Amino acid sequence: MLCMIMTMADMPEEKRKIEQLYETYNRLMYVTAYRILQHHEDAEDAVFASWEKIIRLLDKILEIDCQKTAAYIVIIVERTAIDLYRSNKRRGKVQMLMDEYEDSPFFLTKDIAYEEVEMLELFRSIPKKYGEVLLLYYVNQMTAKEIADVLSIKQAAVEKRLSRGRKLLRKEIISDGR
């Protein structure tokens, strides 16, 4: 699969970056997709489709082995797998409850500052659809249009989720006394 992915890149530095990302995250991507789809071939399809999205937004990835990149990649794979799950469900191919997936790790903790951990905990305390948009917007510094492309939703929906997510965060901060 790496050979097919590498053909999507033009510049040698892009190819090196893709190769490093592949070595670091491909297994995590497959596991994430498989946990949603519960089917080997579908998980591979979701991973490949995710690579296409990642390569389109490759300039957004500044560091290979960091919390931001891991969260960014996991969110892309989750959304791609969920979209594939929904299209398969319409065809009656997959039968799995999405409720099981609500507790997925969209953050991997690894040597991060206390402030970041606290912020990530806040993002976890609100519904996932708002938390992931806030994460992509504030942590990964993506625009609403880029987030819409990654999550396969309309830009207006991203903006609404950002607004609602901020309100939920404010309530959470006030109720916790932070």
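Val133 lies in helix α6 (residues 128-139); helices here are DSSP runs of H or I with at least four residues, strands are runs of E with at least two, and both are numbered from the N terminus. This is a predicted model, so local features need pLDDT of at least 70 and side-chain atom pairs count only at pLDDT 80 or more, while totals for chains, interfaces and linings use all residues. Residues are numbered from 1 along each chain as its sequence is written, and side-chain values use heavy atoms, with hydrogens and water left out.

**View 1. Val133 and its partners.** With a relative accessibility of 0%, Val133 is buried (buried is under 20% relative accessible area, exposed is over 50%, and partly exposed is in between, using a 1.4 Å probe and protein chains only). Setting aside neighbours within four places in sequence, Val133 touches Ile147, Leu151, Val158, Arg161 and Leu162; contact here means heavy atoms within 4.5 Å. Take the pair Val133 and Ile147: 14 residues separate them in sequence, and their C-alpha atoms sit 7.1 Å apart.

**View 2. Leu134, also in α6.** Leu134 belongs to helix α6 and is buried, at 0% relative accessibility. Beyond its neighbours within four places in sequence, Leu134 has contacts with Phe123, Ile126, Val139, Leu162, Gly165, Arg166 and Leu169.

**View 3. Helix α7, mostly tucked away.** Helix α7 (residues 144-151) has 6 of its 8 residues buried, so the rest of the structure largely encloses it. The buried ones are Ala144, Glu146, Ile147, Ala148, Val150 and Leu151. Two of these names turned up in View 1: Ile147 and Leu151 are both in contact with Val133.

View 4. Ser152 sits in the loop between α7 and α8 (155-176). Its phi is near 60 degrees, a positive value in a residue other than glycine. Ser152 is partly exposed, with 43% relative accessibility.

**View 5. Gln38, in another loop.** Move to the loop between α2 and α3 and you find Gln38. Here phi is near 55 degrees, again positive in a residue other than glycine. Gln38 counts as partly exposed, with a relative accessible area of 46%.

**View 6. Where α2 meets α3.** Helix α2 (residues 12-37) and helix α3 (residues 40-56) have axes that come within 8 Å and cross at roughly 135 degrees; the axes are lines fitted to C-alpha atoms over the stretch in contact, and angles run from 0 to 180 degrees between N-to-C directions. That makes α2 oblique to α3, since angles under 35 degrees count as roughly parallel, over 145 as roughly antiparallel, 65 to 115 as roughly perpendicular and the rest as oblique. On the α2 side, the residues in contact include Tyr22, Met29 and Tyr34, and on the α3 side they include Val47, Trp51 and Ile54. By class, the contact has 14 nonpolar, 3 polar and 2 charged residues (nonpolar covers Ala, Val, Leu, Ile, Met, Phe, Trp, Tyr, Cys and Pro; charged covers Asp, Glu, Lys and Arg; the others, Gly among them, are polar).

**View 7. Stepping back to the whole chain.** The chain has 8 helices and 0 strands. Of its 178 residues, 43% count as buried.
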